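Please look at the sequence and the model before reading on.

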Amino acid sequence: MTKQDDKLLSKGYEFSAVEEKWLDRWQETGSFTGKMEEGKPSYSIVIPPPNVTGVLHVGHALNNTLQDILTRYHRMCGDNTLWVPGTDHAGIATQNVVERQLSTEGKTRDDVGRDAFIEKVWQWREEKGGAIIHQLQKLGASCDWERERFTMDEGLSSAVREVFVRLYKEGLIYKGDYIVNWCPRCQTALADDEVEHEDKKGKLYHIRYPYGDGSGHVVVATTRPETMLGDTGVAVHPEDERYQHLAEIGIKLPLTERTIPVVFDGHVDREFGTGALKVTPSHDRDDYEIGLRHDLPRLKIMDDKGFMNDNAGEYTGLERFACRKKIVADLERLGFLEGIEDYDHAVGHCYRCKTVSEPTTSLQWFVSVKPLAAKAVDAVRDGKINIYPKTWYNTFYSWMDNIRDWCISRQIWWGHRIPAWTCDACGELIVESEDPTTCPACSSDKLTRETDVLDTWFSSALWPFSTMGWPENTKELQTFYPTSVLITSFDILFFWVARMMMMGIHFMDEVPFKDVYLHALVRDKYGKKMSKSTGNVLDPLVVMKEYGTDAMRFTLTAFAAQGREIKLDEDRIEGYRHFINKIWNAARFALMHVGECDVSVKDVTHDVKGLPLVHQWILSRTASTIKEVRTGLDEYRFNDVASANYQFIWHEYCDWYLEWIKADLFSDDPVAKEQAQGVLLVVLETILKLIHPITPFVSEEIWSVLPGERDLLTTSAFPELQENWDNNEAVEQMELLMGIITGIRNIRSEAEVHPSSKIDALVLCGDKERADFIAGFTAPISDMTRLSSFTVTEGGEKPADAATYIYNDIEIFVPLKGLVDVEAELAKLARERKKIDGKMKQVTGKLNNEKFLANAPDNVVAKVRDEKSGLDAKLAKILEAEERLKKMA
């Protein structure tokens with residue numbers, strides 16, 4: 001390598017400096033700007049907007065790496081390519097952050113007032129809200145950063161208001177008293193998919209409800225005995241003969257002075273328990289529906305903070321769980337408690353603050369989603385939207401077929417305030433795009449604005465078209481809508497993806513995206529969910545700092561198999577860092593020989609058939625890899641794309657091709673040298689283009705120092721299919737030669753022949769034509785296996801005292817007499833076996849210890865089992881080596 005080249009590519013890949021350099025250069029040159037050139041196909045993606053409160057986690061890293069791969073690929077394919085970045089205002093989460101900030105000053109949001117509080121949120125967003133955008137840029141995300149959007153920016157706020165007003169005027173938004181999920185901590189309603197259900201060990205309380213006339217009682221069961229204060233009926237099956245007489249006498253509700261009716265409803269399972277069900281319409285979803293069918297009154301017994309209200313009688317003012325304890329004690333004291341049993345059940349929690357949610361009736365705003373959902377389902381069934389992997393289709397259909405109306409109002413301050421006013425004079429409800437000044441019904445100017453804000457997911461549902469300028473018919477919308485693909489985690493398929501389908505089809509009369517790719521959640525290497533409490537979280541920012549961004553991106557891509565759980569192992573990240581270094585070192589080697597070449601040297605590839613076999617082979621394999629990578633990217637088989645690149649670069653280009661052509665590169669034969677230089681440069685350029693979407697930094701840096709004038713790699717053309725390079729015969733011939741070389745190397749390695757020792761090799765191949773072909777490559781085979789002699793025959797006597805390797809129907813022999821000190825090697829193996837036996841005793845002792853298995857954390861037990869597997873493998877190899885040496889003694 002010349003001194004000049006040494007400056008261009010340092011001895012080691014210093015990723016920190018390289019990444020900083022190219023992040024700046026790409027931004028300065030506007031490389032990621034979404035162009036809208038006539039006559040070109042368009043490709044667009046909108047980023048799933050991360051919460052403005054967020055920091056980059058490994059799920060973000062996976063999701064955005066996959067989006068970036070596709071964006072860079074299509075940009076290199078020459079498409080008009082746009083990746084829209086942005087963040088979500090994250091109503092509840094952001095409000096909680098600022099409320100915690102206020103609490104350090106001894107204040108609440110009520111102390112500062114709504115307007116001042118919202119100003120503080122905006123201030124926080126300006127100061128802290130850009131963190132995740134900066135982190136996405138560090139990841140290498142090639143978004144059009146000039147088009148960054150925020151779900152509360154002026155344009156999106158206008159779109160949100162327009163959508164709300166149109167839906168209201170179409171009768172698809174209404175206000176009504178309905179059972180909702182309520183978070184007492186956040187003091188707001190939650191949509192069904194904002195409630196996370198966790199399996200908990202609880203209690204099932206069996207309570208005696210006396211008959212109205214005192215002649216007996218029925219036993220009902222509940223996990224929430226405090227809700228009995230809101231019971232307004234008991235339900236039984238219409239055909240249950242045991243309870244027909246209760247129609248007239250009713251039930252005396254314990255701990256109260258009320259008598260409640262018995263209603264007969266087919267919803268009740270008469271075979272479950274006693275067949276009697278307490279009905280609390282204001283605090284249970286199923287009970288609410290029963291109450292509607294039988295016109296039962298709704299009695300709320302809790303306030304918005306989870307404390308018992310005035311309807312709870314003597315329990316007024318108690319926190320709900322404290323009330324539960326007192327009620328159970330009172331029931332037992334008064335003889336109403338039949339029994340208590342342990343009971344495992346799913347308990348709903350607020351997805352933001354993890355507080356146990358409470359079903360309750362409340363006056364809220366809803367979207368009537370059935371008509372919207374039907375059009376979305378039709379679009380998927382008709383193939384206008386494709387879902388990858390296909391296993392998600394049935395889940396999607398099932399959820400959409402059973403969808404409930406969407407509660408869109410939230411009782412918080414940060415968010416899109418609902419554009420509705422009530423006339424104080426006549427009660428008229430006014431919903432308009434522009435703020436009204438007077439009531440259209442009575443002309444009064446006394447109007448009160450709705451205090452609720454919209455669910456965060458409402459604005460997110462408009463993201464694919466609102467970010468491109470809707471409701472204006474912008475050039476961006478004409479060029480880039482519908483978007484090409486949505487890449488997101490499967491866990492927000494219904495939170496977000498389905499709602500974007502509904503809104504996009506309704507307002508744009510077109511699907512919002514053609515494909516949906518749902519990736520799995522990232523877990524630790526043992527398949528466990530990552531959490532701070534477990535201590536198994538891999539922080540992508542830390543990983544990028546330690547191993548380099550390209551290594552992390554490649555690892556995530558390699559794990560991204562459709563439908564497969566992602567078990568992320570830091571050892572694999574380190575392994576792929578070695579792969580990045582391998583690319584770097586291969587490029588340094590290539591630059592020693594092509595760094596000062598004229599690019600016309602690449603012209604040798606115009607006559608592929610006239611090149612030596614090794615060049616025909618590598619070009620054929622390059623053509624196959626181009627096809628594999630392009631097909632994999634087109635079909636969202638990201639792991640196959642990573643695998644194809646890894647296999648070709650490491651195991652074919654580096655391990656075989658570079659080794660094979662060294663003699664030609666140092667040759668005095670100008671033709672052989674020029675052929676090697678030309679093919680070497682062509683293949684290296686192709687590799688850098690193929691790997692660039694996954695590992696943009698290292699590839700761009702190497703590309704920049706290759707000979708000749710060249711544009712940035714990120715805007716260069718992606719490799720086209722090269723059918724004229726396909727050559728199956730060359731591939732088969734090279735596989736034969738590589739198989740023979742591998743066989744000789746294996747014999748040398750297994751016999752532990754010193755690397756500097758020359759050996760002899762004999763090949764028996766069965767026919768003269770192949771023997772002559774193999775013999776024609778005596779020089780490279782001898783060079784790559786350090787042979788003193790290489791003999792190829794179609795038949796003959798097999799040598800004694802020789803190790804054997806079979807490749808297909810070819811026999812390879814290497815005489816070992818005099819090359820190995822059998823007794824010394826056996827002694828060395830015996831010492832190694834003794835060490836392994838000692839370690840194995842410790843490991844098996846742990847695994848046979850029931851206390852260890854019962855008490856040790858799962859990841860510790862898994863590590864011990866992994867250690868045993870490794871020791872078993874080492875021991876097996878030692879035993880094989882001993883057998884082999886004994887035969888030579």
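How do the residues of the lining of the second largest cavity divide into nonpolar, polar and charged? The lining has three nonpolar, three polar and five charged residues. Here Ala, Val, Leu, Ile, Met, Phe, Trp, Tyr, Cys and Pro count as nonpolar, Asp, Glu, Lys and Arg as charged, and the others, Gly among them, as polar.

This is a predicted model, in which local features need pLDDT of at least 70, side-chain atom pairs count only at pLDDT 80 or more, and totals for chains, interfaces and linings use all residues. Residues are numbered from 1 along each chain as its sequence is written, and side-chain values use heavy atoms, without hydrogens and water.

Among the residues lining this cavity are Trp-182, His-283, Lys-300 and Glu-358. Its space is about 60 Å³, and the model has four cavities of 30 Å³ or more. A cavity is a set of points on a 1 Å grid over the protein atoms alone where a 1.4 Å probe fits but cannot get out; lining residues have an atom within 4 Å of a point. Grid points are joined across faces, edges and corners, and a volume is the space filled by probe spheres set on the points.

Three strands form an open sheet with mixed pairing, in the order S12-S9-S13.

Strands (E, at least two residues) and helices (H or I, at least four) are DSSP runs, numbered from the N terminus; two strands pair if DSSP finds at least two bridges between them. Strand S9 (residues 233-236) runs parallel to S12, joined by three bridges, and Val-234 stands opposite Val-262 in S12.

Terms used
1 Å grid on protein atoms, 1.4 Å probe; cavity = no way out; pocket = protein on both sides within 12 Å on 5 of 7 lines; lining within 4 Å.
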